[in-house]
Amino acid sequence: MKFGIVGTAGIGVKSVIPAVQASEHAAAAIASRDEARASAVADELGIPTAYGSYEALLADDSLDAVYIPLPNSLHADWVRAAADRGLHVLCEKPLTASADETAAVFDYCEDADVTLMEGFMYRFHPRTERAAELVASELGEVVSVTSNFSFRLPDGAENIRIDPDLAGGSVMDVGCYAVSAARLFLGTPDRVYATTTDTCDCGVDTRMSGVLEYDDGATARVESSFDTPETQYYRVQTTDGWLEAKTAFNVDPTASAELTYATDGRVVTETFDPTDSYRREVEAFARAVETGETPRIDREESVAVMRTIDAIYESAETGAAVDLN
């Protein structure tokens, strides 16, 4: 499969393009609004073709799919533009800025008969797959989940992550991982209560703390931040034990990963060999395209995570719990 890369964002340059190139697929073209920038990245990474506009890349009939790492507020428009050209789409998370818009772009891609998948790469790491398996089949009923993804932005940084016009904010950037993990183990919550803080007066949240409630009594606590030391983990408490992963989301592909869990009075730590989650994500997406199977991160998953994020923002604004039913 030949991929076109819509933009020269760091996540694409550092992680996704090398992942595509390490697979049996090809990064065949890259575009930037600055043609010199696109050419420089193409030369650096050995990409055959560079374009000075996203439109020009989408018009390349040799491509099969695109990867979109643009700012959050631009995702929906360029997903639709790619679908108009019959191109399958792997788009960075969050797929759009609202649940309604997420549902709408899935409708659009279904009408165009192209595959769309949101890029939560951590879901493809073998540790995450094993954690989901353990919670589903070997541990008892889930009582609570705690999930956090935080890091400190450099002081004074001009960053798309804190630009309200680009749908920035800690929830959209890293809190979405915490929400995704909570849903992985507990499903979609029935109620959401959250608070957010704008510590740099930038017009978006730089810190979030939320509680997700379920009618069966289970709860999840989700947190994100741009102004605390890097933390990324999830912990699942069950009626007979617990499970925990540290450096849970953005695992260095050259590093091993550990998963620790306790059940029946024993504590077990499993170690996973270095794995490139982005490569596994790319390969899973391409496999879904080639076989016609539903991607792992499908419409239901993406819409449900975004519904929860919508509720987080609504609760933070109103000061009241939001019922998702």
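Which domains does the domain assignment of the protein give? The assignment gives domain 1 (2-120) and domain 2 (122-323). The model is predicted. The C-alpha centres of domain 1 and domain 2 are 24 Å apart. The largest pocket lies between these domains, because both give residues to its lining.

**Domain interface**

- The contact between the domains takes 35 residues from domain 1 and 31 residues from domain 2.
- About 2900 Å² of area is buried between domain 1 and domain 2. Carbon and sulfur atoms give 70% of that area.
- On the domain 1 side, A99, M117 and F120 lose the most area to domain 2. Together they account for 25% of what that side buries.
- Three salt bridges are found across the interface of domain 1 and domain 2.

**Largest pocket**

- The largest pocket holds about 1000 Å³ of space.
- Its lining is made of 39 residues. A9, G10, I11, I160 and R161 are the closest of these to the pocket centre.
- Four elements each supply at least two lining residues: α1 (10-22), β7 (142-152), α7 (170-186) and β11 (227-238).
- By class, the lining of the largest pocket has 19 nonpolar residues, twelve polar residues and eight charged residues.
- Domain 1 (2-120) and domain 2 (122-323) both contribute to this lining, so the pocket sits between them.

**Second largest pocket**

- The second largest pocket has about 260 Å³ of space.
- It is lined by 14 residues. V114, T115, L116, T294 and P295 are the closest to its centre.
- Helix α5 (residues 99-112) gives the most to this lining, with three residues.
- The lining of the second largest pocket divides into six nonpolar, three polar and five charged residues.
- Domain 1 (2-120) and domain 2 (122-323) each provide at least three residues of the lining of the second largest pocket.

**Salt bridges**

- The whole structure has 20 salt bridges.
- One of the pairs is R299 with E110. Their closest N and O atoms are 3.3 Å apart.
- This pair links distant parts of the chain. R299 is in helix α9 (residues 299-318), E110 is in helix α5, and 189 residues separate them.
- In general, side chains of opposite charge can pair when their charged atoms come close.

**Backbone exceptions**

- Most residues other than glycine have a negative phi, and most peptide bonds are trans.
- K93 and P94 are joined by a cis peptide bond, with omega about -15°.
- P94 is in the loop between β5 (88-92) and α5.
- D113 is not a glycine, yet its phi is positive, about 60°.
- D113 belongs to the loop between α5 and β6 (116-119).

**Around L166**

- L166 is placed in the loop between β7 and α7.
- Leaving out residues up to four places away in sequence, L166 touches P71, N72, S73 and I160.
- L166 and A97 are 69 residues apart along the chain. Their C-alpha atoms are separated by 9.3 Å.
- I160, which L166 touches, is also one of the residues closest to the centre of the largest pocket.

How values were computed. Residues numbered from 1 in each chain as written. Predicted model: local features only at pLDDT ≥ 70, side-chain atom pairs only at ≥ 80, totals over all residues. Heavy atoms only, no water. 1 Å grid on protein atoms, 1.4 Å probe; cavity = no way out; pocket = protein on both sides within 12 Å on 5 of 7 lines; lining within 4 Å. Points joined across faces, edges and corners; volume = space filled by probe spheres on them. Nonpolar A, V, L, I, M, F, W, Y, C, P; charged D, E, K, R; others polar. Domains from an automatic or database assignment. Contact = heavy atoms within 4.5 Å. Buried area = accessible area lost by both parts, 1.4 Å probe. Salt bridge = Lys/Arg side-chain N within 4 Å of Asp/Glu carboxyl O.
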